[in-house]
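Hello,

The structure we talked about is below. My notes follow it.

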Amino acid sequence: MPLFLINARDKTGRSDLRLANRQAHLEWAGEYRHHIKMAGPVLSDDGQTMIGSTFVIELESLDEAHAWAQDDPYAKAGLFEHTEIIPFIWSIGG
């Protein structure tokens with residue numbers, strides 16, 4: 001099954017929206033833990049403020065990856081400024 005890299009960046013100054021939807025996001029992601037190879041928040045330069053999310057996920061197709069990402073509670077809440085979804089080959093690490 002192919003891998004996809006999903007990079008989503010928050011709208012500037014929307015930490016409140018991220019925190020309000022964090023629990024729902026974590027529960028949603030937990031339902032797909034058997035597909036998720038790596039995931040976590042992206043941090044600002046201060047090393048503490050969450051400003052986005054990154055996933056490496058195994059799904060059947062790019063279309064499925066797009067649909068999956070749109071189902072994220074963060075995406076549904078309008079948190080993301082932009083989201084990049086691209087095929088990925090894991091060559092080193094893991």
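Buried residues of H1 are Leu 17, Arg 18, Asn 21, His 25, Trp 28 and Ala 29. Buried means under 20% relative accessible area, exposed over 50%, partly exposed in between (1.4 Å probe, protein chains only). Helices (H or I, at least four residues) and strands (E, at least two) are DSSP runs, numbered from the N terminus.

This is a predicted model, where local features need pLDDT of at least 70, side-chain atom pairs count only at pLDDT 80 or more, and totals for chains, interfaces and linings use all residues. Residues are numbered from 1 along each chain as its sequence is written, and side-chain values use heavy atoms, with hydrogens and water left out.

The cover over the buried residues of H1 includes E1, E2, E3, H2, helix H3 (73-76) and E4. Contact here means heavy atoms within 4.5 Å. H1 has a kink of about 50°, centred on Arg 22. That bend is the angle between axes fitted to the seven residues ending there and the seven starting there. The 16 residues of H1 should span 22 Å at 1.5 Å a residue, and its end C-alpha atoms are 21 Å apart, which agrees. The expected span is 1.5 Å times one less than the number of residues.

**The sheet**

Four strands form an open sheet in the order E2-E3-E1-E4, with antiparallel pairing. Two strands pair if DSSP finds at least two bridges between them. Strands E2 (36-43) and E4 (80-88) are at the edges with a single partner strand each, so one side of each has no neighbour in the sheet. E1 and E4 run antiparallel and are joined by eight bridges. Ala 8 has Thr 83 as its bridge partner in E4. H1 packs on the sheet, touching E1, E2, E3 and E4, and its direction makes about 20° with that of E3. H2 lies across E1, E2, E3 and E4, at about 30° to E1. Axes are lines fitted to C-alpha atoms, for helices over the stretch in contact, and angles run from 0 to 180 degrees between N-to-C directions.

**The cores**

The largest nonpolar core has 12 residues, among them Phe 4, Trp 28, Phe 55 and Trp 68. A nonpolar core is a set of buried Ala, Val, Leu, Ile, Met, Phe, Trp, Tyr and Cys residues joined through side-chain atoms within 4.5 Å. H2 gives the most to this core, with three residues. A second, separate core of five residues includes Ala 8, Leu 17, Tyr 74 and Phe 80.

Best wishes
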